[in-house]
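Please look through the structure below before reading on. The paragraphs that follow go from a helix to a sheet and then to pairs of aromatic rings.

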Amino acid sequence: MTPSRPYLIRALYDWIVDNGMSPYVLVNAEDEQVVVPRQFVEGGKIVLNINPTAVQNLEVGNGFVELDARFSGTPMHVSVPVMSVLAIYARENGKGMVFTDEDDGGGEPPPSPDEEKSKRPSLRVVK
């Protein structure tokens, strides 16, 4: 299956904005594909205000979150792989979601019944 994280980010973003609050995302800035202003990274993470009044051209795709914003008055294009988004929440009350590695939808599919049978322990009589 495709990862659920981009779908959850979009849904929570809409929910937060529909309730008149400010959506913020916590990003793992240590990923080399993350393009953010490095001077605002603390402890390998950065918090981004993605409120519609704070950013332009916000796009939450299945692979990346991209937006244009100003940092200390300087315009910048921000690009964050969806899997580097660690949380999305409302600034005003903290309601939202923290993502875990299990939320990526990746990994190996469950074993087929035939594979599972072959992995089961078997007993045999030894004389």
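What covers the buried residues of H1? The model is a predicted one, and in it the cover includes E1, strand E3 (55–60), E6 and E7. The buried residues of H1 are Arg5, Pro6, Ile9, Leu12, Tyr13 and Ile16. They lie on the same side of H1, because they cover an arc of only 130° around the axis.

The helix itself has 14 residues. From its first C-alpha to its last, H1 reaches 20 Å, close to the 20 Å expected at 1.5 Å a residue. Just after H1 comes glycine 20, which takes a positive phi of about 70°.

Next comes the sheet. It is open and is formed by 4 strands in the order E2-E1-E6-E7, with antiparallel pairing. Strand E2 (45–49) and strand E7 (96–98) stand at the edges; each has a single partner strand, so one side of each is left without a neighbour in the sheet. From one strand to the next, the twist averages 20°.

Inside this order, strand E1 (residues 23–28) and strand E6 (residues 85–90) run antiparallel and are joined by 5 bridges. Tyrosine 24 has tyrosine 89 in E6 as its bridge partner. Helix H1 (residues 5–18) packs on the sheet, where it touches E1, E6 and E7. The direction of H1 makes about 15° with that of E6.

The last topic is the aromatic rings. A pair of aromatic rings is described by the distance of the centres and the angle of the planes. The count here comes to 2 aromatic pairs. One of them is formed by tyrosine 24 and tyrosine 89, and this pair is tilted, at 6.1 Å centre to centre with 50° between the planes. The pair links distant parts of the chain, since tyrosine 24 in strand E1 and tyrosine 89 in strand E6 are 65 residues apart. Buried means under 20% relative accessible area, so tyrosine 24, at 18%, counts as buried. Tyrosine 89 has a relative accessible area of 23% and is therefore partly exposed.

Phenylalanine 40 and phenylalanine 71 also form a tilted aromatic pair, at 5.9 Å centre to centre and 35° between the planes. This pair, too, links distant parts of the chain: phenylalanine 40 is in the loop between E1 and E2, phenylalanine 71 is in strand E4 (residues 64–71), and they are 31 residues apart. Phenylalanine 40 is partly exposed, with a relative accessible area of 34%, whereas phenylalanine 71 counts as buried at 16% relative accessibility.

Notes
Residues are numbered from 1 along each chain as its sequence is written. This is a predicted model: local features need pLDDT of at least 70, side-chain atom pairs count only at pLDDT 80 or more; totals for chains, interfaces and linings use all residues. Side-chain values use heavy atoms; hydrogens and water are left out. Two strands pair if DSSP finds at least two bridges between them. Helices (H or I, at least four residues) and strands (E, at least two) are DSSP runs, numbered from the N terminus. Axes are lines fitted to C-alpha atoms, for helices over the stretch in contact, and angles run from 0 to 180 degrees between N-to-C directions. Contact means heavy atoms within 4.5 Å. The expected span of a helix is 1.5 Å times one less than its number of residues. Buried means under 20% relative accessible area, exposed over 50%, partly exposed in between (1.4 Å probe, protein chains only). The arc is that of the directions from the helix axis to the C-beta atoms. Rings of Phe, Tyr and Trp (its six-membered ring) pair if their centres lie within 6.5 Å; planes under 30 degrees apart count as stacked, over 60 as edge-to-face and the rest as tilted.
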